[in-house]
Amino acid sequence: MPTIADTPAGKRNAFAHLGALLLDAGYAVTDVHMALGKVAEKTGHPEMTFAILPQTVMVSDEPSGAATVVNATGAELPFRTTARVSALVRKLATGKVPVSGFSKRIQTIRDEAVAPGLWAVSVGSGLLSAGLGMLFRIPWWSVITAAILGVIIGLVIYGAGRVRGAGTIITFVIAFCSTFAVGLLASTLDLGPIPLFAVCAPLAVLVPGATITNGLLELSSTDMVTGSSRLMYGVLVLGFMTTGIGAAARVTGLTINSHGATLLGDVHGLGALGERRGLADFDGLGMLGGLGMLEELPPLWVSWIGVVGVAMGISLAFGAGRMLTLLSIPAMMLTYAGITMLSPWIGSIGAAGVVACVFFFLARGLEWRVPRAPAIVTFRPAFLLLVPGVVGLVALTTFDDAALITALGTFLSLSIGTKTGAVLADLMFRHEAVMQDEIGLRV
C-alpha cells in the first residue's frame with residue numbers, strides 16, 4: 001500500500017527538506033542545486049525542478065506544476081553533522097536509496113546533531129585567537145591577551161546562540177568590548193600603537209570569511225540573487241565589527257599599528273626586517289618593564305604551532321569531531337607551507353589563489369573516496385588561514401586604500417582558485433564517481 005512518502009507531494013517534500021539540510025550544512029546555493037539535481041536523476045525523478053535561495057528551497061513537479069517550499073532553520077550544523085549530510089547525499093546519488101527512504105534519515109541527522117558545548121566553543125575560540133597571533137607573529141603579550149579575550153568571546157557566543165534575535169548586533173557588541181579591553185590595557189600600560197592582529201585575532205571566530213567567499217562563488221556561477229545577498233550579509237557583519245572597533249578605539253584613545261603583516265605571505269618578512277611592533281617605543285617602565293620577553297616577536301618556527309592552534313580551535317568551536325580534527329591539522333600545515341613557499345615568487349594574493357585551487361582539488365578528491373570527509377568541511381579552515389575575512393576587516397578598520405585593494409584582490413583570487421579547483425576535480429573524478437555509482441558506496 002503506497003505511503004504518503006510515495007506520493008508526488010511526499011517526494012517533493014523529501015527533496016525540499018534535503019535541500020534545507022544542505023543549506024544548514026553550509027553548502028553554497030550552486031552546490032545545493034547540483035546535489036539535488038544529481039539525486040533526482042539517480043533516483044529516477046528528472047521531472048523535479050529546483051529553485052534555491054540562501055534560506056529557502058522550492059521544489060516543483062513539471063507535469064503537475066505543483067510546488068513545495070521549505071525554509072532552512074538558519075542554525076549552522078556542526079562540522080561532524082555536515083560530514084553525515086555529505087555521506088547521505090553520496091548514498092542517494094548512487095540511486096540505491098529510494099526517495100521515500102531518506103526523509104526519516106534527514107530527520108534523524110537533525111535530531112542527532114549536537115552543537116559544541118560551552119567548553120568546546122570557549123577553548124576553541126581561545127586557541128584560534130592565540131594561534132592566529134602566533135601565526136602573524138604579534139608580540140607575546142598580544143598573543144596572551146588575544147587568547148584570554150578569545151576564551152571570553154567564545155563564552156559570549158555560546159550564550160548569544162541561545163538568545164533569539166541576537167543576530168549581527170552581537171558582532172558589534174563583541175567587537176566593541178574586545179577592542180575596549182585592548183585599548184584599556186594599552187592606555188594603562190602606555191604601550192603606544194597596538195599591533196593590528198592584537199585587535200583582530202580575538203574576533204576571528206566571528207569573521208564571515210566562508211559566507212563572503214561562498215557569495216563570490218555563487219556570483220561566478222550566475223546565481224546573482226543568492227550571491228549578492230550572501231556578499232551583502234558578509235559585508236554587513238564586517239561593517240558592524242569595524243564600527244565596534246572604531247568606536248572602542250575612539251573612546252579609549254587606542255592607536256592601531258597597521259603596518260604589520262596582514263597576509264601569511266608577509267609574515268616571513270617580519271623576521272628578515274627585524275621589525276618590532278606594539279612595544280617598540282615602550283620606555284621600559286611600568287608593569288611590563290621587567291618582562292622584556294613579552295615585547296618580543298615569536299620566532300618564525302612558532303608559526304607552525306600557531307597553525308596547529310588554529311586547526312584545533314576551529315575544530316573545537318565548530319564541532320568537527322576527532323577524525324575531521326586529525327585531517328584538518330596536516331591540511332592546514334600544507335596550506336601554510338604552500339603560501340609561504342609561493343608568496344616570494346608570485347605575491348601573497350596570487351599564492352592565495354593557487355593554494356586554494358590545489359587544496360580544494362585535493363579536498364574534493366578526498367571527498368570522493370571518503371564521503372564523511374566532505375570538502376566543505378576540510379576546506380573551510382583554509383578560509384581562515386588564507387584570511388579573506390580578516391583581510392576585509394583589516395581594510396575596513398584602517399581605511400587604507402592599499403588594504404582595500406589587497407582585500408578585494410584576495411577575495412577574487414581565492415574565488416577564482418576555488419572555482420578552478422572544483423572544475424578540475426569534477427573532470428578528474430567524474431569517471432571514478434560513475435564507477436562508484438554503479439557498485440555503490442560502503443560508508
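In this predicted model, arginine 84 and glutamate 112 form a salt bridge through their side chains, with a distance of 2.7 Å from N to O. Arginine 84 belongs to helix H3 (residues 79-93) and glutamate 112 to helix H4, so the pair ties together parts that are 28 residues apart in sequence. In total, the model has two salt bridges.

The other bridge joins the side chains of arginine 110 and aspartate 24, at 2.8 Å from N to O. Because arginine 110 lies in helix H4 (residues 103-112) and aspartate 24 in helix H1, this pair connects parts that are 86 residues apart in sequence. As a general principle, side chains of opposite charge can pair when their charged atoms come close.

The table lists the accessibility of the residues in these bridges.

| Residue | Relative accessible area | Class |
|---|---|---|
| Arginine 84 | 27% | partly exposed |
| Glutamate 112 | 47% | partly exposed |
| Arginine 110 | 23% | partly exposed |
| Aspartate 24 | 3% | buried |

Why does aspartate 24 count as buried? Its relative accessible area is 3%, and the class of buried residues takes in values under 20%.

In soluble globular proteins, nonpolar side chains tend to be buried together.

Helix H6 provides a further example of buried residues. Its 21 residues should span 30 Å at 1.5 Å a residue, and its end C-alpha atoms are 30 Å apart, which agrees. Among the buried residues of H6 are Trp141, Val143, Leu149 and Ile153, together with Gly150 and Gly154. Which elements do the buried residues of H6 pack against? They pack against H5, helix H7 (169-189), strand E4 (194-195) and helix H8 (196-200).

The loop between helix H5 (118-135) and helix H6 (140-160) contains arginine 137. Most residues other than glycine have a negative phi. Arginine 137, however, has a positive phi of about 55° although it is not a glycine. Is arginine 137 buried or exposed? At 7% relative accessibility, arginine 137 counts as buried.

Definitions and conventions. Residues are numbered from 1 along each chain as its sequence is written. This is a predicted model: local features need pLDDT of at least 70, side-chain atom pairs count only at pLDDT 80 or more; totals for chains, interfaces and linings use all residues. Side-chain values use heavy atoms; hydrogens and water are left out. Helices (H or I, at least four residues) and strands (E, at least two) are DSSP runs, numbered from the N terminus. Buried means under 20% relative accessible area, exposed over 50%, partly exposed in between (1.4 Å probe, protein chains only). A salt bridge is a side-chain nitrogen of Lys or Arg within 4 Å of a carboxyl oxygen of Asp or Glu. The expected span of a helix is 1.5 Å times one less than its number of residues. Contact means heavy atoms within 4.5 Å.
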